Amino acid sequence: MSNRNSDTVQADARRFLDERGSSAALAPNGLNPATIMEKAVKDRIVDSYFYKEQCFALNEADIVDRVVEHVSFIGGTHGASQKPSPFLCLAFKLLELAPSDAILHEYLSFGGEHFKYLRALACFYVRLTRQAKDVYLTLEPFLEDRRKLRRKARTGTTLTFVDEFVDDLLTKDRVCATSLWKMPKRETLEDLEILEPRVSPLGDLEDLLEEDEEEEKDRERENGDDRDEANGEREESGEVSDRGGMDVDRDEERRSRSRSP
């Protein structure tokens, strides 16, 4: 990319930061998109090679292509130089674009191995910009997504899963080099009747415990029946052996009598 284009990219990013810092619309959760990420992280993103080369003049549709082509791990900054990841750069670009709920739904609905990082990126963006109720309702269904993800940090690369990443977004204060806004706990929103109690896909916990108790009782009864049956077989076998021994004794007695003069 020429120096002119590089300057244009930086100018666009700086204008976003300046405008969003003053009069532009806030995110649905009331936060300023330009200040959601720390200044040091934003500066590294804007100055990074990936952001200059791959994030220039992107729209919401281009985000899909960039994720599929360039994102192979989740993470914030990594390495000794704290280089921002493509994942974090594209998250910053989403803060610039401010996609609608309909577009986010499209991002989240993509399945398959090729789009798992797109779903992770959309979940991350939802956590940064949406209200608590919408965050829980949007992210919780993906606690059942068992697809593998690579996570890169300063200490190296590790394996995680989509559901673990989503759980981090719902429970932790900092993810991918970004401090998450303090969201009320789910129990609090349930007490305020903002959210309905979450039902596990496995069913109600009390029902599961009752089923476990019934299964345990059934196993105990079956084991007891097996022991009784085994004891009965041993007793029957013992009786047959005794009768066989008595018959042998009678035969020997008859043979001894026939031999005697």
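These questions and answers walk through a predicted model, from its overall make-up to single residues. Residues are numbered from 1 along each chain as its sequence is written. In this predicted model, local features need pLDDT of at least 70, side-chain atom pairs count only at pLDDT 80 or more, totals for chains, interfaces and linings use all residues, and side-chain values use heavy atoms, with hydrogens and water left out.

User: How many helices and strands does the protein have?
Analyst: Helices (H or I, at least four residues) and strands (E, at least two) are DSSP runs, numbered from the N terminus. By that count, the secondary structure comes to eleven helices and six strands.

User: What share of the 261 residues counts as buried?
Analyst: Buried means under 20% relative accessible area; exposed means over 50%, and partly exposed lies in between (1.4 Å probe, protein chains only). Of the 261 residues, the buried share is 36%.

User: What share of the contacts with a separation of 6 or more joins residues 24 or more positions apart?
Analyst: Contact means heavy atoms within 4.5 Å. Among contacts with a separation of 6 or more, residues 24 or more positions apart account for 66%.

User: Which residues of helix α4 are buried, and which helices do they pack against?
Analyst: Helix α4 spans residues 60-70. Its buried residues are Ile63, Val64, Arg66 and Val67. They pack against α3, α5 (86-97), α6 and α7.

User: How is α6 oriented to α7?
Analyst: Axes are lines fitted to C-alpha atoms, for helices over the stretch in contact, and angles run from 0 to 180 degrees between N-to-C directions. Helix α6 (residues 101-109) and α7 pack at about 140°, with axes 7 Å apart. Angles under 35 degrees count as roughly parallel, over 145 as roughly antiparallel, 65 to 115 as roughly perpendicular and the rest as oblique. So α6 is oblique to α7.

User: Which residues of α7 meet α6?
Analyst: The α6 side brings Leu104, Tyr107, Leu108 and Ser109. On α7, they meet Leu118, Arg119, Ala122, Cys123, Tyr125 and Val126.

User: How do the residues of the contact of α6 with α7 divide?
Analyst: Ala, Val, Leu, Ile, Met, Phe, Trp, Tyr, Cys and Pro count as nonpolar, Asp, Glu, Lys and Arg as charged, and the others, Gly among them, as polar. The contact of α6 with α7 divides into eight nonpolar, one polar and one charged.

User: Is α7 roughly parallel or roughly antiparallel to α8?
Analyst: The axes of α7 (residues 116-129) and α8 (residues 132-139) come within 8 Å and cross at roughly 160°. Therefore α7 is roughly antiparallel to α8.

User: Which residues of α8 meet α7?
Analyst: From α7 come Cys123, Val126 and Arg127. The contact of α7 with α8 has four nonpolar residues, one polar and one charged. The α8 residues are Val135, Thr138 and Leu139.

User: Is α7 roughly parallel or roughly antiparallel to α9?
Analyst: The axes of α7 and α9 come within 10 Å and cross at roughly 10°. So α7 is roughly parallel to α9.

User: Which residues of α9 make the contact with α7?
Analyst: Arg119, Ala120, Cys123, Phe124 and Arg127 come from α7. By class, the contact has seven nonpolar, no polar and two charged residues. The α9 residues are Val162, Phe165, Val166 and Leu169.

User: Which side chain forms a polar contact with that of Asp168?
Analyst: Asp168 sits in helix α9 (residues 162-171). It counts as buried because its relative accessibility is 11%. A polar contact is a pair of N or O atoms within 3.5 Å; within protein, one must be able to donate a hydrogen and the other to accept it, and residues adjacent in sequence count only if both atoms are side-chain atoms. At 3.1 Å, the partner of Asp168 is Arg151.

User: Is Ser48 buried or exposed?
Analyst: Ser48 lies in the loop between α2 (39-47) and α3 (49-54). Not counting residues up to four places away in sequence, Ser48 touches Pro84 and Cys89. Its relative accessible area is 10%, so Ser48 is buried.

User: Which side chain is joined to Glu190 by a polar contact of 2.6 Å?
Analyst: Glu190 is in helix α10 (residues 186-191). At 25% relative accessibility, Glu190 counts as partly exposed. The side chain joined to that of Glu190 at 2.6 Å belongs to Arg186.
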